[in-house]
Amino acid sequence: MNKGLFITGTDTGVGKTVVSSILLASLRQSGIDAVPMKPVQTGCTSRKGKLVAPDLEFMLDFAGIKPDKISLNLMCPYKFKPECSPHLAATMAGKPISLSRIMAAFKKLTRKHQVVIAEGAGGVLAPVSDRKTMLNLMKLLNLPIILVARPGLGTINHTLLSIREIRRARLELKGVIFNQTKPGNPGYIEKDNMKIIARLGKVKILGFIPFTSEAPRGLPRGILAKASEIR
Ligand SMILES: Nc1ncnc2c1ncn2[C@@H]1O[C@H](COP(=O)(O)OP(=O)(O)O)[C@@H](O)[C@H]1O
Ligand SMILES: [Mg+2]
């Protein structure tokens, strides 16, 4: 791995932040200086008059990283309060998203650290303006990609379409990670979904992260064990 990984998903809420956090913590436990990046964050909260990026904060807490103010801004150059698509949040704030500004922040981070784990907002075609999508940013960053998907019913179409777009952009897709955000054991549908997606998508399945009640806090050991399969 040279500069990092880009973690995208088939949708919002599929587990991009959780997967990014696991990878980040796992890399750091192996002695690699890996840091997170959330180029665009919507749904920010306010603290002491400043916007706080929840995904970035989750990743930093999970991996036990305490960056200085400058690094913190580089890790999340665009923060918006409304929980909506980046293009809409940027328009509402009157603050257009510049992909070259994100690139500049990314380059500064890569100069200071070995690996940057960048988490996308939404899926590959989530718009960042009325002309550009997340995929345009992914092309500029040119990092190998991990696609996070739901294991259950409805995932085949979403996952295969995302794979097609990633490949159409000539980006390197490392593989798919299935993440279970709801309780329950994987049944015949989930098991077959992984097989049919691997076959039709000609893609590697890098791992299956089961539901864990510990996911929102701390370092869930069970999940970390799975991270070795992902890497
Ligand atoms: N394996 C898991 N087990 C339990 N809860 C999970 C798991 N993965 C994600 N979640 C929860 O599901 C929600 C969405 O996950 P998140 O990583 O934030 O998705 P995304 O970054 O794609 O929007 C969060 O509340 C998160 O804590
Ligand atoms: Mg997220």
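1. A word to begin with: donors are N, O and S atoms within 2.8 Å of the metal, and water is not among the atoms, so a site may look incomplete. Please also keep in mind that this is a predicted model.

2. With that in hand, have a look at the magnesium ion (ligand 2). Which residues coordinate the magnesium ion? They are T17, through OG1, D55, through OD, and E119, through OE, at 2.1 to 2.2 Å. Along the chain, the donors follow the spacing T-x37-D-x63-E.

3. Next, turn to ligand 1, which sits in the largest pocket. Around ligand 1 there are 17 residues, and those that come nearest are G13, K16, T17, N179 and T212.

4. What makes up the shell around ligand 1? By type, its residues divide into seven nonpolar, eight polar and two charged. By element, helix 1 (residues 16-29) gives the largest share, three residues.

5. A nitrogen atom of ligand 1 lies 2.8 Å from a side-chain N or O atom of N179. Polar backbone atoms take part as well: one of T212 is 2.9 Å from a nitrogen atom of the ligand, and one of Q180 is 3.2 Å from a nitrogen atom of the ligand. How much of ligand 1 does the protein cover? On its own, ligand 1 has 550 Å² of accessible area, and the protein covers 78% of that.

Note on methods: Residues numbered from 1 in each chain as written. Chains lettered and ligands numbered in written order. Predicted model: local features only at pLDDT ≥ 70, side-chain atom pairs only at ≥ 80, totals over all residues. Heavy atoms only, no water. Near = heavy atom within 4 Å. Polar contact = N/O pair within 3.5 Å; in protein donor to acceptor, adjacent residues only side chain to side chain. Areas by Shrake-Rupley, 256 points an atom, 1.4 Å probe, with all protein chains shown as cover. 1 Å grid on protein atoms, 1.4 Å probe; cavity = no way out; pocket = protein on both sides within 12 Å on 5 of 7 lines; lining within 4 Å. Sits in = over half its atoms within 2 Å of the grid points. Helix = DSSP H or I, 4+ residues; strand = E, 2+ residues; numbered from the N terminus. Nonpolar A, V, L, I, M, F, W, Y, C, P; charged D, E, K, R; others polar. Donors = N, O, S within 2.8 Å, 3.2 Å for Na, K, Ca; no water.
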